[in-house]
Structures are given as C-alpha cells and as structure tokens.
Amino acid sequence: MDGNSRLPQTGTVSYHLLELTAICGELPADLLPRIPGSTSYKESVITSLKKDGLLRTYYRDKLRGYRLGRMAKTSLMEENPERFSFFLTGNGETSRLKSEFPRRLRLHRVAEIFVSMQNAGIRIFRDEKPDIFSSTGSPVPMLEYPAFYSSREIKEIGIDAVKIRGSRMAGALLAPSGIFVAYNGDSYTMKWDYRAEIKVQVLLKLLLCCERLPDQYARAKVSGLLLGNGLEHFYQILSAADTASRCFFLLDGNYEHFYYLTNDHYGDTLLKLLCSPENTAELDHMLMQGFQPKDTGLPIEHDALDRNGNPVLFGYFLDIPRINRFHTALQLQERTGTLICFDFQKEVLHRFCGGQAEFSTISFEKFERRFFP
C-alpha cells in the first residue's frame, strides 16, 4: 500500500490525532484524556497508529509525547498541503523537532492551547480561517467565528515580528467578543518579559484594529488570556499582589482584562462562553435578577448593587486584574461586597478575599445544561 492509502479516514479519531500532532509538532501523551473519545479507544488507536508507522513515541527527560512518522508526514502534506505545509516544512519547531527539554515543553504548552481552543469550537486549522497575518495581507471581511492563530502564524507579518521576540505568547484568539492574547502558564509561575508583552499588545491592536479587521475591531481592546493547570496558579498570582514577587504585568493595568481559565473541561466551557457575547449577556441578565444597576459614580469595580447598596462583582471569568481591583477597593474602603462565581471556583476565591466578600455561586452543571446542552 502507498502512504496515502494507509492514512485513516478524515473525521475519525485516528486522523484527528495525526492532524493535531502535525500542527503541534509533538503531542503530549498526557493530553489524550482531553481529546474527545473514550480513553481506552484512544489508547488502542495510538497503538494501531504506531504499529502502522504513522506515529511514534518520543520519551526524554520524563516528558512523553507523540511525533509523526515519516509516512504520515508525507501523506498529510500530499492530502492537504493548505492545512499542513506551514507546520511540516521549513525550519520551524514543528517541522525540525528538537530534543531539548525547554523547546519540547514549549511545544507541549502550545498543544494544550490548541486542544482547549478546539474543544471550545474555535477554529485552529489554517484552511478553516482567513490568512490575517500574512506579510502581504490586506483588510478582510468580518470574522464571524472565533479563530486561534499560534505565535508562529502571527510572526508571518514579517519584519514587525522582531518587535515581539521574547514574548511568552502562545498565540491570539480572535472572536466576536474581542481579541485575546493567549498564554499557557502550565503549573508554574511564568517569567514575563514586560516590554516584549506590551509590544505584543500594541502590535495586535495596530494590526487588527486599524489595518486587517478595522470594521470589526476598530473600538476593541486587546485582552489577556492565561490558561493554567488547576486554580492554584490563579491563587498564587492574586495572593502575591502585595508582596515583592508581585506580577506587575498581570496586576498593574497593562490589560484591563486578563482572564484565567483552566486546562480542563471547565476551562473549555468558559472559553466557549467568552467567545459568545450573546450567551455572556444572557447569563449576566439572569444574574442581575434581585440586584440594582451599577452606580457609575461608585469608586469600586462592580457590576451591580445589592439591596443595601453594596457592590456585586460577576467574577465567573476569573478576570485577574478586575478581581484584584475589587478586593483592593473593599479593603481600602473597609466594606463588604458580593462576588458571584461558579461553584468550582468558590474555594480558591474564598481563600483570597473571603474576609471582604460574600459569595453567590452558579451551578456549573445547571449552567452547562442551559447554555451548552
């Protein structure tokens, strides 16, 4: 059989694993549970793909991942060059794979974001989204669906990419709700290159709001999106707000909004919500029942007022600077407020601001059944 005939059919779990491996360079083995399908079936698929020479395991420095076999790489390129040639040719990290731990870890973190984006219904493949960051690009029509562009795709803009060298950005999410610079903090505290990250924000705003998508993003602000493994990293960021290890980039107003989502089903679902202005507005409308409208003259971050005139914050997106501003203002003004969050978020938020805030929780199970059945 020739290589093409041995490729699994498109739309199957087997093919999906191959195409994800192609754009990620190396697919982390521990990412399998987050890919749709039963674990036992995916494990049998991996075994079959390895037996056919389409996939191989790479293990080094206690980091296990899957890489494409030569036959799979050639066949995918022949079958769909528009989707795969960018990742499987040239000198990029996804084409010329390295063995060094930091480079492999970078590939694994970007792979986590690719999977999160796809689980949230966001387009990640190049043949499914407009080529916005081409060096010869021009204004494009309205982007009607959310799409994610990796940092390497963004750097296609040409010489201006030099300005963002050193950034930890994994890519940019473009959605009807706005522009989001995406990072993956994994389980560790990231070291931020302050100037490089600010340049990313400026470059994307100039490129997308003024040049490539002016009709859609002319008045848009660039927000941040940090994905992490669990909520402990989120707590560490906020609890260090008044210490010498304070993360100035996240907390000091460089981004008005910097959302923290987890690398799991909770995070995937909230990412889907973040991309949907209609669903977010509907949820906020439901939460407003029983509260009074916000007071624009009140010097504290809030979305509503309770019956006693105390501030209420909708904190379910875990917006790092916004929650920090709310907590700080409550402390300085020696008052209490209400923080509305999902039930799975309450424990970590209570640890951070339980002294100043009361909590009202949203059942994640009921929310998901209502908005994303």
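What covers the buried residues of α5? I will come to that after a word on the model. This is a predicted model, in which local features need pLDDT of at least 70 and side-chain atom pairs count only at pLDDT 80 or more, while totals for chains, interfaces and linings use all residues. Residues are numbered from 1 along each chain as its sequence is written, and side-chain values use heavy atoms, with hydrogens and water left out.

Now the helix. Helices (H or I, at least four residues) and strands (E, at least two) are DSSP runs, numbered from the N terminus. Helix α5 covers residues 81-88, and R83, F84, F86, F87 and L88 in that helix are buried. Buried means under 20% relative accessible area, exposed means over 50%, and partly exposed is in between, using a 1.4 Å probe and protein chains only. The cover over these residues includes α2, β3, α4 (70-79) and α7 (151-154). After α5 comes G90, with a positive phi near 80°.

Next, the sheet. Three strands form an open, antiparallel sheet in the order β1-β3-β2. Because β1 (27-28) and β2 (55-60) stand at the edges with a single partner strand each, one side of each has no neighbour in the sheet. Two strands pair if DSSP finds at least two bridges between them. Between β2 and β3 (residues 63-68) there are six bridges, and T57 has Y66 as its bridge partner in β3. In the loop between those two strands is K62. Its phi is positive, near 60°, although K62 is a residue other than glycine. K62 is exposed, at 76% relative accessible area.

L318 is another residue with a positive phi, about 50°, and is not a glycine. L318 is in the loop between β11 (311-314) and α14 (320-333), and counts as buried at 2% relative accessibility.

Now the rings. Rings of Phe, Tyr and Trp (its six-membered ring) pair if their centres lie within 6.5 Å; planes under 30 degrees apart count as stacked, over 60 as edge-to-face and the rest as tilted. That rule gives 26 aromatic pairs. W192 and F258 are edge-to-face, because their ring centres are 6.3 Å apart and their planes are at 80°. W192 is in the loop between β6 (178-186) and α8 (194-212), F258 is in strand β8 (residues 258-262), and the two are 66 residues apart. F258 is buried, at 0%. Y266 and F344, by contrast, are stacked, with 3.9 Å centre to centre and 5° between the planes. Y266 is partly exposed at 34%, whereas F344 is buried at 18%.

Last, the core. A nonpolar core is a set of buried Ala, Val, Leu, Ile, Met, Phe, Trp, Tyr and Cys residues joined through side-chain atoms within 4.5 Å. The largest one here has 124 residues, and M117, Y183, L225 and L250 have the most contacts inside it. Helix α2 (residues 13-24) gives the largest share, seven residues. Contact means heavy atoms within 4.5 Å. Leaving out residues up to four places away in sequence, L225 touches residues including M117, Y183 and F258.
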